Amino acid sequence: MPATQKATLRDAASDDRLVAAGLKAFFRMAKGWKLDDAEQAKVLGDISRSTLYNWRAEAPSKLPVETFRAVSLMLGIHALLRKLFPGAPEGAMAARVRRVGTLWFAPTQSLVDFVCEGGPIAMDLVRRHLVHEAGADVV
């Protein structure tokens, strides 16, 4: 890609190095948050369990754009939580994302339940909320 062209999400979702690194980081985050297979499959776009197991064993060379977007959003959420709660052990982070009522806009759900049910739209809402809470300068 020429230096003057901007990379798009579609380009990133087709870059085998980014896909492999993103999935590896996602599965590491999912383990720390204690997401079960069904939750991981749901977050990744309602993929089948066999696809989930295959991706864990070996990352594909590319992902559907929406799946890559979900991975990116979830890693952004994780990074923002780390910024808000520096030094928090993984167990405490897992408890925090499972606590009901943590999000003012989803008072009857945990963060995990909210993003599993709401998909990328919910993930983006959570990320934007955390950006505001963290005072981060990202959009």
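Angles of 65 to 115 degrees between two axes count as roughly perpendicular. The model discussed here is a predicted one.

Q: How are H5 and H6 oriented to each other, and what is the handedness of their crossing?
A: In this predicted model, H5 and H6 pack with their axes 12 Å apart and at an angle of about 115°. Because 65 to 115 degrees counts as roughly perpendicular, the two helices H5 and H6 are roughly perpendicular to each other. The crossing of H5 and H6 is right-handed.

Q: Which residues make the contact of H5 and H6?
A: On the side of H5, the contact is made by His78, Leu81 and Arg82. The residues of H6 that make this contact are Glu90, Met93 and Val97.

Q: What part of the 139 residues in the protein chain is buried?
A: A residue counts as buried when its relative accessible area is under 20%. Among the 139 residues of the protein chain, the buried ones make up 41%.

Q: Which residues is isoleucine 77 in contact with, leaving aside its neighbours within four places in sequence?
A: Isoleucine 77 belongs to the largest nonpolar core, where it is one of the residues that touch the most other members. Ile77 is also among the residues of H5 that meet H7. Leaving aside its neighbours within four places in sequence, isoleucine 77 is in contact with Trp33, Leu111, Met123, Val126, Arg127 and Leu130.

Q: At what angle do H5 and H7 pack, and what is the handedness of their crossing?
A: The axes of H5 and H7 are 9 Å apart, and the two helices pack at an angle of about 45°. That angle makes H5 oblique to H7. The crossing of H5 and H7 is left-handed.

Q: Is leucine 18 buried or partly exposed, and how far is it from lysine 62 in space, C-alpha to C-alpha?
A: Leucine 18, which lies in helix H2, has a relative accessibility of 41% and therefore counts as partly exposed. Leucine 18 and lysine 62 are 44 residues apart in sequence, while their C-alpha to C-alpha distance in space is 8.8 Å.

Q: What is the phi of lysine 34?
A: Lysine 34 has its place in the loop between H2 and H3, and with a relative accessible area of 55% it is exposed. Most residues other than glycine have a negative phi. Lysine 34 is a residue other than glycine with a positive phi, near 65°.

Q: Where does aspartate 46 lie, and what is its phi?
A: Aspartate 46 lies in the loop between H3 and H4. At 54% relative accessibility, aspartate 46 is over the 50% cut-off and so counts as exposed. Its phi is positive although aspartate 46 is a residue other than glycine, with a value near 60°.

Note on methods:
Residues are numbered from 1 along each chain as its sequence is written. This is a predicted model: local features need pLDDT of at least 70, side-chain atom pairs count only at pLDDT 80 or more; totals for chains, interfaces and linings use all residues. Side-chain values use heavy atoms; hydrogens and water are left out. Buried means under 20% relative accessible area, exposed over 50%, partly exposed in between (1.4 Å probe, protein chains only). A nonpolar core is a set of buried Ala, Val, Leu, Ile, Met, Phe, Trp, Tyr and Cys residues joined through side-chain atoms within 4.5 Å. Contact means heavy atoms within 4.5 Å. Axes are lines fitted to C-alpha atoms, for helices over the stretch in contact, and angles run from 0 to 180 degrees between N-to-C directions. Helices (H or I, at least four residues) and strands (E, at least two) are DSSP runs, numbered from the N terminus. Angles under 35 degrees count as roughly parallel, over 145 as roughly antiparallel, 65 to 115 as roughly perpendicular and the rest as oblique. A crossing is left-handed if the near helix is turned anticlockwise from the far one by less than a right angle, and right-handed if clockwise.
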